[in-house]
Amino acid sequence: VTTGAASSVTKTTATLSGTVDDKGATTTVSFEYGLTTSYGTTVAATPSKVVAGAGSTAVIFNATGLVCGSTYHFRAVAVNGFGTTLG
């Protein structure tokens, strides 16, 4: 899993992005984000599940309700039979 750059950033919203290579196993994908590197919020990515054999798949999450003027940390997370990988 690779965490991409945030885009469509406004005062209170941002689109989080990433890419997941399923490595031949069905993979569940989420994003963690928050005001510190402890993150604090975990949400399902879109798509939230990448089927085995799909290869490299782009994933996103449209974050809303962000605090204006604050710096957010985020990362993509992939989980499958091989384990958990953090972007």
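1. Rings of Phe, Tyr and Trp are taken to pair if their centres lie within 6.5 Å. On this criterion, ring pairs link Tyr33, Phe61 and Tyr72 into a cluster. The model under review is predicted, and the search of the whole structure finds 2 aromatic pairs. In one of them, Tyr33 and Tyr72 are tilted, with 6.4 Å from centre to centre and 50° between the planes. Tyr33 belongs to strand β3 and Tyr72 to the loop between β5 and β6, so this pair ties together parts that are 39 residues apart in sequence.

2. The two tyrosines are to be described separately as regards burial. Tyr33 has 12% relative accessibility and therefore counts as buried, the limit being under 20%. Tyr72 has a relative accessible area of 24% and is partly exposed.

3. The largest nonpolar core comprises 15 residues. Val29, Phe31, Tyr33, Val59 and Phe61 have the most contacts inside this core. Two or more residues are contributed by each of β2 (14–21), β3 (27–34), β4 (41–50), β5 (56–63) and β6 (73–80).

4. With residues up to four places away in sequence not counted, Val59 touches Leu16, Ser17, Gly18, Thr19 and Val20, among others.

5. Thr3 is located in strand β1 (residues 2–3) and is partly exposed, at 23% relative accessible area. A polar atom of the Thr3 side chain lies 2.9 Å from the backbone nitrogen of Ala76. Neighbours within four places in sequence aside, Thr3 is in contact with Ser17, Gly18, Phe74, Arg75, Ala76 and Gly87. As a distance for reference, the C-alpha atoms of Thr3 and Gly40 are separated by 17 Å, the two residues being 37 apart along the chain.

6. Asn80 is placed in strand β6 and, at 17% relative accessibility, counts as buried. The side chains of Asn80 and Thr27 are joined by a polar contact of 3.1 Å.

7. Strands β6 and β7 (residues 83–86) run antiparallel and are joined by 4 bridges. Val79 has Thr84 in β7 as its bridge partner. The two strands form a hairpin, with 2 residues between β6 and β7.

Definitions and conventions: Residues are numbered from 1 along each chain as its sequence is written. This is a predicted model: local features need pLDDT of at least 70, side-chain atom pairs count only at pLDDT 80 or more; totals for chains, interfaces and linings use all residues. Side-chain values use heavy atoms; hydrogens and water are left out. A nonpolar core is a set of buried Ala, Val, Leu, Ile, Met, Phe, Trp, Tyr and Cys residues joined through side-chain atoms within 4.5 Å. Buried means under 20% relative accessible area, exposed over 50%, partly exposed in between (1.4 Å probe, protein chains only). Contact means heavy atoms within 4.5 Å. A polar contact is a pair of N or O atoms within 3.5 Å; within protein, one must be able to donate a hydrogen and the other to accept it, and residues adjacent in sequence count only if both atoms are side-chain atoms. Two strands pair if DSSP finds at least two bridges between them. Rings of Phe, Tyr and Trp (its six-membered ring) pair if their centres lie within 6.5 Å; planes under 30 degrees apart count as stacked, over 60 as edge-to-face and the rest as tilted.
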